[in-house]
Amino acid sequence: MLRPIRDKVVIRRDAMTAPVDISMEQLIRLGLLLPDIGKAKSRVGTVVSVGPGVKEHMAPGDRVAITWHDGT
């Protein structure tokens, strides 16, 4: 397991989703299959562990919003 140092947080990004301009429900209703290459990275994740220097109140298991390119 990764252990963050200082003010870092380890977050597990949710599974990839449909592009932001169309929902998965719409794709299913239309009978379209979207390959993984066409899916977008999720902007939500779950906190796995928190470093000792993090000043915000966070705990493992919390759901957080993340920016598009975090972790890349």
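In which strand is the place of Ser49? Ser49 belongs to strand β2, which covers residues 44–50. That makes a handy starting point for a walk through this model, which is a predicted one.

Let's stay with Ser49 for a moment. Its relative accessibility is 10%, and because buried means under 20%, Ser49 counts as buried. What is Ser49 in contact with, once its neighbours within four places in sequence are left aside? The list consists of Leu2, Pro4, Val9, Val10 and Pro60.

Now step back from the residue to the sheet. Strand β2 takes its place in an open sheet of 3 strands, ordered β1-β2-β3, with antiparallel pairing. At the edges are β1, residues 9–13, and β3, residues 63–65, and each of these pairs on one side only. Neighbouring strands here are turned against each other by 50° on average, if direction is ignored.

How are the strands of a sheet held in pairs? In general, strands pair through backbone hydrogen bonds, in either a parallel or an antiparallel way. In this model, β1 and β2 run antiparallel and are joined by 5 bridges.

Finally, a word on confidence. The average pLDDT of the chain is 80, and 75% of the residues score at least 70. Confidence is highest in β2, at 90, and lowest in helix α1, residues 24–30, where the mean is 79.

How values were computed
Residues numbered from 1 in each chain as written. Predicted model: local features only at pLDDT ≥ 70, side-chain atom pairs only at ≥ 80, totals over all residues. Heavy atoms only, no water. Helix = DSSP H or I, 4+ residues; strand = E, 2+ residues; numbered from the N terminus. Buried < 20%, exposed > 50% of the residue type's maximum accessible area, 1.4 Å probe, protein only. Contact = heavy atoms within 4.5 Å. Pairing = 2+ DSSP bridges. Axes fitted to C-alpha atoms, helices over the stretch in contact; angles between N-to-C directions. pLDDT = per-residue confidence, 0-100.
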